[in-house]
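This briefing goes through selected local features of one protein chain. Please keep the sequence and the 3D view open while reading.

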Amino acid sequence: MSEHKIYEVGSGELTYDEIERILKEGKELRLSEAARKRIEHCRSYLDHKTDHDTEPIYGVTTGFGSLCSKHISRDELSTLQENLVKSHSCSVGTPVSQEIVKLMLLLKAHALSMGFSGVQVCTVERIIDMYNNNVLPGSLGASGDLAPLANLFLPLIGEGDVWMDGEQVPARKALEKYGWEPIKLQSKEGLALLNGTQFMSANGIKALIDGWHIVNCFDLF
């Protein structure tokens with residue numbers, strides 16, 4: 001694909017105008033090399049902290065909420081993060097539109113590319129893969145962003161449903177089609193995926209796009 005048809009995630013500020021260009025021109029996403037280095041550096045820092053620091057780290061080596069005093073052993077760190085995503089994917093109601101879901105994937109990939117979240121590179125790359133291949137999780141609306149983001153990222157671990165080739169299918173079917181292994185979430189990754197305002201931001205951006213292009217009689221989507 002032409003370099004002009006690719007947007008490098010994490011290569012700079014993601015402005016409203018840039019988002020319009022990505023959508024209008026149908027650009028594919030690619031993780032920038034600078035973003036990759038930032039993500040790897042932060043992940044290495046977190047791994048070093050959990051390996052050598054005896055002080056508890058909330059939500060990383062402890063439970064959540066009232067379980068903040070419960071120590072989580074090293075071999076349970078991944079399970080804790082997966083359970084966090086599963087436990088919050090409990091919203092009900094009208095499914096989020098596929099346009100909003102795709103915007104959410106773009107916005108989350110950008111947020112994680114800043115290198116402050118402690119995620120793995122492979123986690124961000126899988127989000128980008130889903131965007132590029134139109135494998136769109138069946139996210140549900142709710143008050144706030146926790147539940148929609150949890151539903152959005154269930155497919156990373158092989159759970160939930162996705163829209164693919166015009167139909168809703170189990171996420172594992174999409175993983176099998178593209179040869180993707182389920183992501184094994186590491187410490188803090190569940191928190192990083194659920195923490196953010198990508199649901200509200202995507203709705204806000206879509207409203208601006210629709211409002212502007214109604215005036216101009218042009219629809220990006």
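The model is predicted, not experimental. In this model the count of salt bridges comes to 10.

- Side chains of opposite charge can pair when their charged atoms come close.
- How accessible are the residues involved? Glu33 has 48% relative accessibility and counts as partly exposed. Arg36, at 21%, is also partly exposed, and Glu125 is partly exposed with a relative accessible area of 28%.
- The cut-off for buried is under 20%, so Arg36 at 21% falls in the partly exposed class.

**Salt bridge between Asp47 and Arg43**

- Asp47 pairs with Arg43 in a salt bridge whose closest N and O atoms lie 2.7 Å apart.
- Asp47 is partly exposed at 31% relative accessibility, whereas Arg43 is buried at 9%.
- Shared partners join a set of salt bridges into one network made up of Glu33, Arg36 and Glu125.

**Packing of H2 against H5**

- At what angle do H2 and H5 pack? The angle is about 140°, and the axes of the two helices are 9 Å apart.
- This angle makes H2 oblique to H5, because roughly antiparallel is kept for angles over 145 degrees.
- From H2, the residues Arg36, Ile39 and Glu40 meet Val121, Val124 and Glu125 of H5.
- By type, the residues of this contact divide into three nonpolar, no polar and three charged.

- Is Thr50 buried or exposed? Thr50 is buried, with 16% relative accessibility.
- The Thr50 side chain reaches the backbone oxygen of Asp47 at 3.0 Å.
- Leaving out residues up to four places away in sequence, Thr50 touches Val60, Thr61, Arg74 and Ser187.

**Asp145 in a loop**

- Asp145 is in the loop between strand S3 (136-137) and helix H6 (146-153).
- At 6% relative accessibility, Asp145 counts as buried.
- Which residues does Asp145 contact, apart from its neighbours within four places in sequence? They are Gly196, Thr197, Gln198, Phe199 and Met200.
- For Gln198, the C-alpha atom is 7.2 Å from that of Asp145, although the two residues are 53 residues apart along the chain.

**Positive phi values**

- Most residues other than glycine have a negative phi.
- Asn134 has a positive phi near 55° and is not a glycine.
- The position of Asn134 is in the loop between H5 and S3, and Asn134 is partly exposed with a relative accessible area of 40%.
- Lys188, also not a glycine, has a positive phi of about 75°.
- Lys188 lies in the loop between helix H7 (171-178) and helix H8 (189-194), and its relative accessible area of 24% makes Lys188 partly exposed.

Definitions and conventions. Residues numbered from 1 in each chain as written. Predicted model: local features only at pLDDT ≥ 70, side-chain atom pairs only at ≥ 80, totals over all residues. Heavy atoms only, no water. Salt bridge = Lys/Arg side-chain N within 4 Å of Asp/Glu carboxyl O. Buried < 20%, exposed > 50% of the residue type's maximum accessible area, 1.4 Å probe, protein only. Polar contact = N/O pair within 3.5 Å; in protein donor to acceptor, adjacent residues only side chain to side chain. Contact = heavy atoms within 4.5 Å. Axes fitted to C-alpha atoms, helices over the stretch in contact; angles between N-to-C directions. Helix = DSSP H or I, 4+ residues; strand = E, 2+ residues; numbered from the N terminus. Parallel < 35°, antiparallel > 145°, perpendicular 65-115°, else oblique. Nonpolar A, V, L, I, M, F, W, Y, C, P; charged D, E, K, R; others polar.
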